[in-house]
Amino acid sequence: MDRRAGGGETIMATSEVVHAHAGPQGFIRKYIFSLDHKVIGIQYFFLALTAVWVGMFLSLLMRIHLIWPQVNLPIVGHIQPETYLSLLTMHGTIMVFFVLTTAPQGGFGNYFLPIQIGAPDMAFPVLNMLSFWTTFVAFVVMLAAFFVTGGAPLHGWTGYPPLSAVQSTGPGEGLGADLWITSIAIFCAASLMGALNFITTTLDLRAKGMTLMRMPLTVWSWFITAILGLLAFGVLLSAGILLLMDRNLGTSFFVPVIVVNGQLMGHKGGSPLLWQHLFWFFGHPEVYIAILPGMGVTSQILSTFARKPIFGYRAMVYAMLGIGFLGFMVWGHHMFMSGMSPYSAFAFSLLTMAIGVPSAIKTFNWLGTLYKGRIRFYTPMLFAVGFVSLFVSGGLSGPFLAQPTLDIPLHDTYFVVGHFHLIMGVAAIFGIFAATYYWFPKMFGRMMNEGLGKAHFWLTFIGTYAIFMPMHYLGMAGHPRRYSQLTEVAYLHNLIPLQTFMTYAAFITIGAQFIFVINLFWSMLKGPKAADNPWDATTVEWTTATPPPHDNFGGQTPVIHNGPYEYGVPGAARDFVMQTDPAVGAAH
Amino acid sequence: MHDVSAVHGESKGTYLWVWGALLLLTAVEVVLAYKQVLQPVRMLEVLLVLSVVKAGLITMYFMHLKSEIPRMRWLLTISVTGCFALMWIFFFRDADRILTLGVK
Amino acid sequence: MATVQHAVHDTHGAFEPSLFGTYSKKVGMWLFLASDSLTFGALLFAYSYGRISNPAWPTPFGKESIANATIMTACLLSSSLTMVLAVMAANRGDKPWVRNWLLATMFFGAAFTVLHAQEWTRLIADKMTPSGNPWSAVPLFGGTFFTLTGMHMLHVTIGVIYLGVIALRKKFLPVLLVLWALGFFLTPADSVFHYGIHVLLVGAVISAIVLFLKPKDYDANDVEVSGLYWHFVDLVWMFIFPLVYLMSTKV
Ligand code: HEM
Ligand SMILES: [Cu+2]
């Protein structure tokens, strides 16, 4: 039974896909409803860029409110404690979903996964376009929550019931919360479309010679991220549907008998724990969805700029697979304080610690890659090294939180906020910055300014540490998470100077982001023209024109002869061998 | 166009058999349930096993998963059933807890 | 030489063989189904969770309900048989029989939906709602029932529309619109299906967009892929039927 016949089928299916969008005509087909994965990638990138500014603005308002609760701001006015919770919810949601999930995967993954494997486009270009526009709709619906009566919801990015499941629990829990859940559900659908597209593309459209073990680690990371997304978002979708039913149809999936504002509600028999299980079954894979692409980009950049092959390529691949696999078995470490069975807590604790193993493998392999390298400290390299630094500092607090005995006092304090901001928030953002500085020349045909880039890096690097490191201390001192009345509680008074310092650090860090945006737009218009391979890198995207033509390779499909990180190859003419160069002896 | 039926190696006869088996299993389920032959938990287990058998027949024969390459077959089934197994292990433990510990 | 078609046609071996050994659309559909089974799975787990923590779960389904649900199950199973026969016909290149078998599949699917809608209507008339029911003090009974079966009914309806597009292409649009209008006028104004029927209208609009923007002759692969979706919907019912109905038969 010859299943290889399927190979022919694939290509026929591909050609049909390609026919459908041969030449883009007109502005709308070319830039708005484009089917070209590169345009879609850039659309995702700018969506995330918009979202990150919204999210940053909200965080600034929160920091201001914490220190000066009475201040009257222009436009925003006087922030109430409830409003603080709305800001917090929208900040977290926008950052997690519309920045950390969107930019690394939807943006750079979309643009570079097909090129790096030598494909002319994604397997399903129409689905790809739909996926972007669905994400866009989700973003608009999310923002709409600000403008309805009652404002944005209060329940945090985790949407815990009963707060989120009953309309009368607070100001934002009316229409605002419905919009929030709807937006998340739409986002789930969009992510599913994206995920199955990424997976199919990687399975089916690798150019001749691009075997699995020759795929750049970026491709591996996008591929694994897509698998996590495929399995995780479907569950969140269900949870969201059930939550909407609880809120609007009076069902009781997540609501036990409950009294709200002195009034007995009609609900009965449900369990908030069920929501936590469903949410975190998605939620923990989600944090890896945010970070894995950053790991891929960091590996790629460290190897390129240290002029050395990545240390332990296979170990890196297996570590990422291991992280993805274990990532599905540890969600309960977010629930040690929820009333979950202590036996489960024990299992989750052990499994969580186990994730430290592949994480450490990755870290040591990054360091091994740097060791004795001939390092070129361009901006992308700075951000990649910054990623490693943040991953380690944020990751070290993980094993502490993973133990129920330690987590009980630390949970829901600023300690957790410090942990996840360093490792997920800022590390993933550093991955995005590294990717931007690294691939900007290919995407926009010009170089970014190095001086501005370095200034941006140092201010951001020091600034984020100054904001988030002290949070561990605040947490241990007992400062609760999601709590706005810092100045009203006696036992928190001693922490005010530290908090003030953090707010000033936030001002400076956010200010530094203007350098980035100026650099970005200025370089797009005025930067010096980029060569096809400005970083002397080896992967396939650097073999094609800058910016790449519509079908990526001008009608040719590249043939791959080498592994992805052949730097410093003895006997080669240059100090690197590109993946498409004719084979180099015994290397791989 | 390749000849899919040749690839799948199945005929009308096979499909009719599978269909018959599915109907038969359904009938067994209904009789078991309607006659309350077994105690609730035991019955749930039996019904679920029968359902899994039915699902297996549908995926393997009607959806032709049997004739896909093993890599595809195993990766798909293991990832989905693995997720279910995890939910099974960790969710229900807490549903019980509410009964035994919590306020009803 | 500048277009991608060339690249793809000229160099048949330009790509590594698919890791799943089959064409992309099929892989895509299987991946979608994997994720959709988790969506349904999560709903079924939510149901089971609620059921375990509420021991006084009602068991109201009498003879008629079980008989009705059994007939519905038989409808779906038979529709799977006709579907697989449609795929067989497509592989022989036998277009008329593809259409006939697909129409038979749609007929069984529609019969399932109609029977199920009647069942809903009966239950609603008995005062069962998403938040309460006359048989017990467990509000989750109605909630889980309507969520699970509603989500499934939606999938069946989408499936019938999907198959209709494959079988009849543009000719299916008027059929769909007529069904929508009939459904709208024949259901009483206070029935959920008076509004639910609008799914058909939405389906008609989306089908029209697909059919006009990308007109094509659907080939054997398209039939096979639509079949995968259809069988999956059948498969899900194999779990809903025993869990929701059989575990709640009247003693
Ligand atoms: C060795 C690695 C890691 C371990 C052992 C670990 C452990 C933990 C634990 C136990 C918690 C729960 C704390 C609590 O709520 O009381 C937690 C929270 C969190 N972790 Fe990690 N973690 C690790 C890596 C990561 C990574 C790589 C990311 C993101 C990319 C991440 C993102 C988060 C987030 C977002 C939260 C907080 C979620 C919330 O409650 O809102 N963690 N981590
Ligand atoms: Cu986690």
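This is a predicted model: local features need pLDDT of at least 70, side-chain atom pairs count only at pLDDT 80 or more; totals for chains, interfaces and linings use all residues.
Figure 1. Turning inward, 65% of the 588 residues of chain A count as buried. The chain also carries 26 positive and 22 negative charges, whose mean positions lie 8 Å apart.

**Figure 2. The overall build of chain A, with 17 helices and six strands.** Chain A has a radius of gyration of 24 Å, close to the 25 Å given by the globule rule for 588 residues, so it is as compact as a globular protein of that length. Along the principal axes, its C-alpha atoms fill a box of roughly 75 × 55 × 50 Å. If you look at contacts between residues at least 6 apart in sequence, 78% of them join residues at least 24 apart.

**Figure 3. A close-up of the copper ion (ligand 2) and its protein donors.** Three histidine atoms take part here: ND1 of H284(A), NE2 of H333(A) and NE2 of H334(A), at 1.9 to 2.0 Å from the copper ion. Along the chain, these donors follow the spacing H-x48-H-H. H284(A) sits in helix α9 (residues 272-306), while H334(A) belongs to the loop between α10 (313-326) and α11 (342-370), so the pair links distant parts of chain A, 50 residues apart. Is H284(A) buried or exposed? Buried means under 20% relative accessible area, and H284(A) counts as buried because its relative accessibility is 5%.

**Figure 4. The copper ion (ligand 2) and the iron atom of ligand 1.**

Terms used:
Residues are numbered from 1 along each chain as its sequence is written. Chains are lettered from A and ligands numbered from 1 in the order in which they are written. Side-chain values use heavy atoms; hydrogens and water are left out. Helices (H or I, at least four residues) and strands (E, at least two) are DSSP runs, numbered from the N terminus. The radius of gyration is taken over C-alpha atoms; the globule rule is 2.2 Å times the number of residues to the power 0.38. Buried means under 20% relative accessible area, exposed over 50%, partly exposed in between (1.4 Å probe, protein chains only). Contact means heavy atoms within 4.5 Å. Lys and Arg count as positive and Asp and Glu as negative; His and the chain ends are not counted. The place of a charge is taken as NZ of Lys, CZ of Arg, CG of Asp or CD of Glu. Donors are N, O and S atoms within 2.8 Å of the metal (3.2 Å for Na, K and Ca); water is not among the atoms, so sites may look incomplete.
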